[in-house]
Amino acid sequence: MTVSLCIIAYNEHDSLPSLLNDVLLQTYPKKSTEIILVDGLSSDDTKNIMKDFSDKNKNDYLDIKILDNPERIQSAGWNTAIKEAVGDVIIRVDAHASIPSEFIEKNMELMEQGEYVCGGARPNNIQSPTPYKEMLLLAESSMFGSSIAGYRRKQSGKRYVSSLFHGAYRREVFAKVGGFNKSLGRTEDNELHYRIRENGFKICMSDEIISYQNIRPTLRGMLRQKYGNGEWIGLTSGVCRKCLSIFHFVPFCFVMAIIICFIMAVIGAFTNIPMMFIPMYLLWSAYGMADILMTVTSVITAEKKSIYLLLLPLIFPLLHITYGVGTIIGFIKLPLWKKSLDGSAEREIEEVKRCVINNKQEENQ
């Protein structure tokens, strides 16, 4: 079986060289591997890095393609890659990631066993580690700081899940369900995987497969990411509520509880009703205990101890509140955002479907 490995990048000058080196070390036969690199009109050296990689290695692979993504949206970039892919299996990997040498081979083994969509755990990682960055990594890797999503941590066994990261897909999957919804920013995976499940495909996750996602190296960058993730949860809920789980809305509920309790406390202060302060006390008491418990658990399990770990009780609520505020803003923007949709995303989903089918027909001729 042939495979198309797709990498979408925008201003990834710092991360892309390391990932491309991981690609070179893959154990799956290079002559059965097509590399598709998509650049979102980067303002740094990202495209030059891609061209240099292609110039040095093109003869070793089935093909190396460098494409442009003028829309700069990640989902549009994936669609660009899928429409040009000729492999029997299409694998997507984020540019700020790293993959072990057997990553492609392990995915292809599952495909040979009859799976149509597969992947594995995607724990977090850091580049150029420092004690401060390791503290951020610990916060992001914790269930309390991030989520309970199975793909974020390594688990044992082989099972079927609702979604995963760095997925591998048979061409037939895209031929049936089409491409990514480019109107979505951070939730395009959830929406695509929902359509995949609705069309009768199973999503297999195996502990034999693992890849790593490099976290944002600063608190500001991490909070910006959390805010964006939360905002897109709010927006996505208006177009595909079923592709989101109840856990996506936990930070929103937390922030709303803070707002409601604060309003009640203000009313209690003006009306001299002490009972109105009780919800605020209960909320922060419960959250504070959970915060301390998860901090202690994280510190105990941390491989490296540092003074920065004392910041975790502050980092956790910052992550939760930022995410929740983002979701509230997403809900506020939702009506106008839905009106701005012009149907181009749906047309592109169908265009991807047609391209995949046509590419297969041309290959068989």
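Okay, so of the 365 residues in this chain, 52% count as buried, where buried means under 20% relative accessible area, exposed means over 50%, and partly exposed is in between, using a 1.4 Å probe and protein chains only. Before I go on: this is a predicted model, so local features need pLDDT of at least 70 and side-chain atom pairs count only at pLDDT 80 or more, while totals for chains, interfaces and linings use all residues. Residues are numbered from 1 along each chain as its sequence is written, and side-chain values use heavy atoms, with hydrogens and water left out.

Let's start with the overall picture. The chain has twelve helices and eleven strands; those are DSSP runs, numbered from the N terminus, with helices (H or I) of at least four residues and strands (E) of at least two. Along its principal axes, the C-alpha trace spans about 80 × 50 × 40 Å.

Now the strands. Strands of a sheet pair through backbone hydrogen bonds, either parallel or antiparallel. Here, two strands pair if DSSP finds at least two bridges between them. Take E1, residues 3–9: seven of its seven residues are buried. Val-3, Leu-5, Ile-7 and Ala-9 cover one side, with Ser-4, Cys-6 and Ile-8 on the other. E1 runs parallel to E2 (residues 33–39), over seven bridges, and Ala-9 stands opposite Asp-39 in E2.

There's also an open, mixed sheet of three strands, in the order E5-E11-E7. Which strands stand at its edges? E5 (97–98) and E7 (124–125), each with a single partner strand, so one side of each has no neighbour in the sheet. E5 pairs with E11 (residues 212–214) in the antiparallel sense over two bridges, and Ala-97 has Gln-213 as its bridge partner in E11.

On to helices. H8 covers residues 219–236, and its 18 residues reach 25 Å from first C-alpha to last, close to the 26 Å expected at 1.5 Å a residue; the expected span is 1.5 Å times one less than the number of residues. Since 15 of those 18 residues are buried, H8 is largely enclosed by the rest of the structure.

Last topic: charges. Side chains of opposite charge can pair when their charged atoms come close. The structure holds 15 salt bridges, each one a side-chain nitrogen of Lys or Arg within 4 Å of a carboxyl oxygen of Asp or Glu. Glu-348 and Lys-182 make one at 3.4 Å, N to O. Glu-348 sits in helix H12 (residues 344–364) and Lys-182 in the loop between H6 (171–177) and H7 (188–198), so the pair ties together parts 166 residues apart in sequence. Both Glu-348 and Lys-182 are buried.

Lys-353 and Glu-350 also form a salt bridge, with their closest N and O atoms 3.4 Å apart. Those two both lie in H12, three residues apart, about one turn of the helix.
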